[in-house]
Amino acid sequence: VSALGTARQANPAMWRGDTVEWWLGPSDWATAWAYARVDPIGGGASITLLNTGYDDATIENGLSYAGLPVGGEWEDVLTGERFYASGDWLSVTVPGTGSRVLVAR
């Protein structure tokens, strides 16, 4: 919880800006959801990913339609793990009953 609070202070895109649904699935019984925000003032970006299922979920989607920066590096503020976009595409595995909070670096 402390890491999340610190990250919110350092990354206004986690709380400021419009929320855009980035992913919801699987279609038959959604257990994973992700939403994105872009800070309209500072320009930072974040993606919050939630997995209520017991199995790991790989969430893959394009970045640009949600106004997110294309390419580049994303850091999970909870674990420090880094993910790298391939052009407009980002793939992230979320552990079962877990979450990730990514910020653009």
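A nonpolar core is a set of buried Ala, Val, Leu, Ile, Met, Phe, Trp, Tyr and Cys residues joined through side-chain atoms within 4.5 Å; buried means under 20% relative accessible area, exposed over 50%, and partly exposed in between, with a 1.4 Å probe and protein chains only. The model is predicted, so local features need pLDDT of at least 70 and side-chain atom pairs count only at pLDDT 80 or more, while totals for chains, interfaces and linings use all residues. Numbering starts from 1 along each chain as its sequence is written, and side-chain values use heavy atoms, leaving out hydrogens and water.

**Exercise 1.** Find the residues that touch the most other members of the largest nonpolar core.

*Solution.* Start with the core's 19 residues: Trp22, Ile47, Leu49, Leu68, Trp74 and Leu90 touch the most other members. Next, look at the strands (DSSP runs of E, at least two residues, numbered from the N terminus). At least two residues of this core come from each of β2 (32-38), β3 (45-51), β4 (57-62) and β7 (89-94). Finally, look for a separate core: a second one has five residues, including Ala7, Met14, Val77 and Val101.

**Exercise 2.** List what leucine 49 touches, leaving out residues up to four places away in sequence.

*Solution.* Apply the contact cut-off, heavy atoms within 4.5 Å. Leucine 49 then touches Trp22, Trp33, Ala34, Ile59, Val92, Val94, Gly98, Ser99, Arg100 and Leu102.

**Exercise 3.** Is leucine 24 exposed or partly exposed?

*Solution.* First locate leucine 24: strand β1 (residues 19-25) holds it. Then take its relative accessibility, 49%, which means that leucine 24 counts as partly exposed.

Note on methods: Helices (H or I, at least four residues) and strands (E, at least two) are DSSP runs, numbered from the N terminus.
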